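Biologist: Could you walk me through this model, and tell me what stands behind each term you use?

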Amino acid sequence: MYTIRPAQLSDVPAMAALSADGFLTDRNTMVKAMGPDPYDHKETMEMLLPGWIALDPATRGWTVVAVEDATQEVAGWVSWGRAGYVPAPSAEPFDHDENERKAQAEPDPLERLNKLSSANFKRWMNTKLMPPASGKERCLYVFSISVAPKHQGRGVGQLLAQTGMAEADKDGVDIWVHGSEAAQRLFPKLGWKVIGEYDLDLDEYAIAPPPPPDTKWGHYVFKYMLYTPKPKE
Ligand SMILES: CC(C)(COP(=O)(O)OP(=O)(O)OC[C@H]1O[C@@H](n2cnc3c(N)ncnc32)[C@H](O)[C@@H]1OP(=O)(O)O)[C@@H](O)C(=O)NCCC(=O)NCCS
């Protein structure tokens, strides 16, 4: 059994470590973790989590952990963001085509992979997921969700996802996620709809082949998924 509670700063080392373990088999993360300046997921989470935990839960976002009752071990966590709960300055017009052209022109393959994914993500956020003055700019979104490999497949991911879905139902807002391959096995089961995807041929960017016996990294498809709140009774 697992209990959900708000995350604390003292949880950060355990949260970062389990997230790094969770992403160890994510092929996009594996490709990014090669090269002279490899992406380090644990380090990135250690940097980001304190900021996410410190957000004002009413207006900016919140983070919860799932703790295993028997061991008191942190088994997983999710950070939720809130958009449009406080007035924001109106965004400057942004040329997404130009941004994507620039990303495509990046000579370093791993940088190109990063820049292309970010450019696509930015286009989706600004034009589809929460475009300004669309009525969708007030919403929730997933910063990140992870379950330690040894606790996976036991419903912890669902428990964590439901903490945001309950909030979305209460507030009558959508939630979106830029979903990894593992996320695509979790959210659709809970009623989230796939509304778009971004297909990357990892072999175009990888600077070394995958671990044997595989000879190709293959395609990695990010999916943009949306939860719409239950109508209020
Ligand atoms: C996505 C993730 C959080 C799901 O957590 P989880 O605790 O395993 O999820 P659940 O146990 O609630 O499982 C949800 C469903 O997915 C299935 N599932 C989970 N992991 C699976 C796997 N590796 N392979 C196949 N199915 C899997 C479960 O069996 C379950 O289906 P069921 O209800 O029919 O049994 C977890 O896999 C993870 O941390 N992955 C690495 C990090 C990541 O990609 N995060 C998402 C970023 S957007």
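Modeller: Helix α6 (residues 156-171) lies across β1, β2, β3 (74-83), β4 (139-147), β5 (175-179) and β7 (219-227). This is a predicted model, where local features need pLDDT of at least 70 and side-chain atom pairs count only at pLDDT 80 or more, while totals for chains, interfaces and linings use all residues. Residues are numbered from 1 along each chain as its sequence is written.

Biologist: Which strands does β3 pair with, and over how many bridges?

Modeller: Seven bridges join β2 to β3, running antiparallel, and A66 has G76 as its bridge partner in β3. β3 and β4 are also antiparallel, over eight bridges, with W80 opposite V142 in β4. β2 and β3 form a hairpin with five residues between them, and Q72 in the turn has a positive phi of about 60°.

Biologist: Why is β3 called largely enclosed?

Modeller: A residue is buried if 20 or more other C-beta atoms, placed from the backbone, lie within 10 Å of its own. Eight of the ten residues of β3 are buried, so the rest of the structure largely encloses this strand.

Biologist: What makes β1 and β6 edge strands?

Modeller: The open sheet has seven strands in the order β1-β2-β3-β4-β5-β7-β6, with mixed pairing. β1 (2-6) and β6 (193-201) each pair on one side only. From one strand to the next, the twist averages 20°.

Biologist: Which residues come nearest to the ligand?

Modeller: Q152, G157, Q158, S180 and A182 come nearest, out of 21 residues around the ligand. A residue counts as near a molecule if its C-beta atom, placed from the backbone, lies within 6 Å of it. Elements giving two or more residues to this shell are α1 (12-23), β4, α6, β5 and α7 (183-186).

Conventions. Pairing = 2+ DSSP bridges. Helix = DSSP H or I, 4+ residues; strand = E, 2+ residues; numbered from the N terminus. Axes fitted to C-alpha atoms, helices over the stretch in contact; angles between N-to-C directions. Contact = placed C-beta atoms within 7 Å. Buried ≥ 20, exposed ≤ 12 C-beta atoms within 10 Å, placed from the backbone.
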